[in-house]
Amino acid sequence: KDVDYTVSYASNVHPGIGRIYVTGIHTYTGTKSAEFVIQPWRIQPTLTLKKTTDGISLSWNSIEGATGYRIYRQIDKKAEGLLATQTGTSYIDSSEITTTGEYHYTVIPYWEANREQYLGDRSAQVSVYQVKVPSLRTLRTGKTKMIRIVYGKCSNVDGYVLQYGTDPTFKKNTKTIHYTGDTAIAQTVSHMGLGETHYVRACAYKIVNGTKVSGAWSVTEQLEVTCKICIDPGHIRGESKTGEYDNIIGSFSEATFSLTLSNYLKQELEKKGFEVVMTRTTAENPTLSLKDRGRTAKGCDYILSIHSNATDSYYAIHRVEAYCSVDGTADALAKKIATAAQKVMGGSKPEYYHIYSDDHPGENYFGVLRHAKKVGVSGVIMEHSYYTTASVRSWLVKNSNLKRLAKEEAKAIMAYYHAT
């Protein structure tokens, strides 16, 4: 060597196909070449796993000269598959956990040379038990200060944990509920405060060899508790197509009174975040029927129909009265409103009634309430004392009184909804 010939190499640094060249010198001429295989380093990576909030964190030691690393995953006894290719020495498996079971991971270094890829030694398989994350199916506000929470079923789990509350970190003001079995989570939460934002999350768990293994928390969802009220100003100036008419004595018009109070009440409720629907916005609407008015409440929590009562009696009656849906679901709200009205207007103690229809067995006598119930809404007809009593009539024609009345009734409704 170096007397009769020289030796040189090409592509002999990294794993792959190398080449050796022998070239004659001095009295020798010509060149001979040959190929040889360079095997990858026979060093096995050491793989470690760690559960994090972002997924499963994989890390391993660097293998000298490696171009990159191939990461494989196997779930239970299913076929192993390539999960990712990485040039660094860490990876986070943040893919959705679609199956509850044991997840096995392996890392193999590789070298690229001559447009080929050469694999090194496979790491030892490292495993972690994964539990599927529940998927939210329903999160909505319901009637009477409720929210409805539904998470879909996770197969092959032993139970769930549900958390909800007003703290997005779930460290305070949080309710935790435990469920056993793998059926779907369905929870109705009542006594929510209007305008409150509630946060919800859930996780599933599996008992593995006597140890409880919890899955990751689902994405935190949030929902603001809202309320939608339908206000129905009773009676219509002129005659409607259903024969309903205005009640007028002197300067008092029930159609005008009910619309004025309804508008004031609407303003007060909207200030506090309520959504308010009105069955009419003008004193005259001859085409509006009782059916139309009742069904306007569709999608609302309650319907509140504003009136003042009348009597043929010679006796002066001064008493607030509430005629409630016959199923009793509006009674609590009616009592709060009637008490507030009596506080402002005075008079004797309020009275409450459930009146059934003779023509529609088991249903409300009053058409507005009957038709509202057909679209799933309960309600109250609020009679603001008796306009046939002169002192009451004089009180009801003053807008300043109606503004005070609206404020107190709005406070009562807000108290019912725990609003502030």
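Asp327 has a relative accessibility of 39% and counts as partly exposed, that is, between the 20% under which a residue is buried and the 50% over which it is exposed (1.4 Å probe, protein chains only).

Before I go on, this is a predicted model: local features need pLDDT of at least 70, side-chain atom pairs count only at pLDDT 80 or more, and totals for chains, interfaces and linings use all residues. Residues are numbered from 1 along each chain as its sequence is written, and side-chain values use heavy atoms, with hydrogens and water left out.

The topic is salt bridges, meaning a side-chain nitrogen of Lys or Arg within 4 Å of a carboxyl oxygen of Asp or Glu. The structure has 14 of them.

Which residue pairs with Asp327 in a salt bridge? Lys373 does, with the closest N and O atoms 2.5 Å apart. Lys373 sits in helix H4 (residues 367-374) and Asp327 in the loop between strand E25 (319-324) and helix H3 (331-345), so this pair ties together parts 46 residues apart in sequence. Helices (H or I, at least four residues) and strands (E, at least two) are DSSP runs, numbered from the N terminus. Lys373 is also partly exposed, at 32% relative accessible area.

Helix H4 also holds Lys374, whose side chain meets that of Glu363 in a salt bridge (3.4 Å, N to O). Glu363 lies in the loop between strand E26 (348-353) and H4, so the pair ties together parts eleven residues apart in sequence. Glu363 is partly exposed at 27%, and Lys374 is partly exposed at 44%.

Next, Arg319 and Glu321. They form a salt bridge with the closest N and O atoms 2.6 Å apart, and both residues are buried.
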